[in-house]
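Q: I am new to this structure and would like to learn how to read it. Could you take me through a few features, one at a time?

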Amino acid sequence: MSDKKEKIVAIKGMNDILPADAPLWELFENTAESVLKSYGYQKIVTPIVEETGLFARAIGAVTDIVEKEMYSFTDSMNGDQLTLRPEGTAGVVRAVVEHNMAYDGPKRLWYKGPMFRHERPQRGRYRQFFQFGAEAIGFSGPDIDAELIMLCRRLWDDLGLDEIRLELNSIGNAEERQRHRADLIAYFEANIDVLDAEAKRRLHANPLRILDTKNPAMQDLVNAAPKLLDYLGEESLAHFNGLKQILDANNVQYTVNPRLVRGLDYYNRTVFEWVTDALGAQGTVCAGGRYDPLIETFGGKPTPGIGFAMGIERLIELMKAQGEPAEPSQCDVYMVHQGDEARMKAFILAERIRDAGLDVVLHCATPAGAGSFKSQMKKADGSGAAFAVILGEDEVANGTVAIKALREADAAAQQNTVAFDEAVDYLVDQIVSGHDHDHGHDHEHVHYHP
Ligand code: HAM
């Protein structure tokens, strides 16, 4: 047997996000955060691990997530039953009730972070994935529904994503669903031969979910099934129509999809999904809806709620498919130095340049050594920095530094000697006055051209 160590790789369905993709992630997150802020949403962070019972209660016992996708385990220290969160709404609602947050008026909240579902991995479907979500707690009218939808539209616009369409439905309240459910079960029972095994299993537990089936042999059957929309009472209809009116007045395009039912049990009335055809089978980039009864089931006083969550990986894929790749992030200055004394000076100068608000990469030794002047200059070129600051024995002896512009076409000609104590001012002046940067120095190193 060889004594070579076996490689350890990441868990199946769980991805590393490498530096090459980091600028796009940053761009997505910054844009989403600023859109949410522009609508008055505040950040909330809840734990990644919660009691298993939280999710069963919130999401529903007879759902794919709770039945077969949760990463649940026993805490070996105390025997507690815990679960890695499969989604964010349950934790946010728990926190809202636990901290009495809804008692002094409605709240607009947002969150981001990793979620975990033991699904079969494929393109756009992972076992650890990141969501960006919003929850509006304590608002009852269709105006907040419209606001959340329009907030998403603004984000797609800001990101230059135009291949995303909106599907909308109302699934009414519990009583309306109950009446529909009875008719739905009767309808499916009358057509039991057409149902597949999964549908038969769900027939009495969660017949609404049968409408979601992808089985081609069942499409005619589900298309002709009783539609929940036809069972809506006056109030639910008024809510749905009110939402559509606001969307129409604001020129938001949508399709009413009567088969849109969502895979989590906490929804009532408005449900919606933003879908793209550009990503293959996993084309839902954002999904959400109203969950008015949920807070009460957590022991809070009756408080309406609505929210959405978007899958960040899917949106990053879409950004890649629709735009030019973001340029890698670049720094302002790369410090090149030769000799012990120069290295000490370089450290001091690098800190001073950072104090002035610029980004500095200081050359550091590798197992191959400190590197020749030539190899260090190659690194400086490759770093994408605007300037190389060079400290050699001569510079140390003279109390100067050499500053070389790296990005100009005539960069070779652009090298100046500057007194050590004036180097910071010189660099700030060059960089902030836009001598080099075409975008001014806004510390926005990410370029993305949708
Ligand atoms: P969801 O439909 O389960 O809803 O997930 C929302 C979004 O997360 C999906 O549309 C998709 O973009 C992304 N997503 C879900 N599962 C995966 C996966 N395995 N891999 C990659 N991306 C995935 C919820 O989670 C609700 N909490 C949304 C919500 C918030 N409703 C009200 N408030």
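A: Gladly, and let us begin with residue classes: Ala, Val, Leu, Ile, Met, Phe, Trp, Tyr, Cys and Pro count as nonpolar, Asp, Glu, Lys and Arg as charged, and the others, Gly among them, as polar. By these classes, the shell around the ligand holds 11 nonpolar, 8 polar and 7 charged residues. Please note that this is a predicted model, where local features need pLDDT of at least 70, side-chain atom pairs count only at pLDDT 80 or more, and totals for chains, interfaces and linings use all residues. Residues are numbered from 1 along each chain as its sequence is written, and side-chain values use heavy atoms, with hydrogens and water left out.

Q: Which residues are the closest to the ligand?

A: A residue is near a molecule if one of its heavy atoms lies within 4 Å of it. Here 26 residues surround the ligand, and the closest are Glu87, Arg117, Glu119, Glu135 and Tyr267.

Q: Which side chain has an N or O atom 2.8 Å from an oxygen atom of the ligand?

A: A polar contact is a pair of N or O atoms within 3.5 Å; within protein, one must be able to donate a hydrogen and the other to accept it, and residues adjacent in sequence count only if both atoms are side-chain atoms. The side chain in question is that of Arg117. The backbone takes part too: an N or O atom of Thr284 lies 2.8 Å from a ligand oxygen, and one of Phe308 lies 3.3 Å from a ligand nitrogen.

Q: How much of the ligand does the protein bury?

A: Accessible areas come from the Shrake-Rupley method with a 1.4 Å probe; for residues, only the protein chains shown count as cover. Taken alone, the ligand exposes 650 Å², and the protein buries 96% of that.

Q: Is Asp145 buried or exposed?

A: Buried means under 20% relative accessible area, exposed over 50%, and partly exposed in between (1.4 Å probe, protein chains only). Asp145 has a relative accessible area of 0%, so it is buried. Its side chain is joined to that of Arg290 by a polar contact of 2.8 Å.
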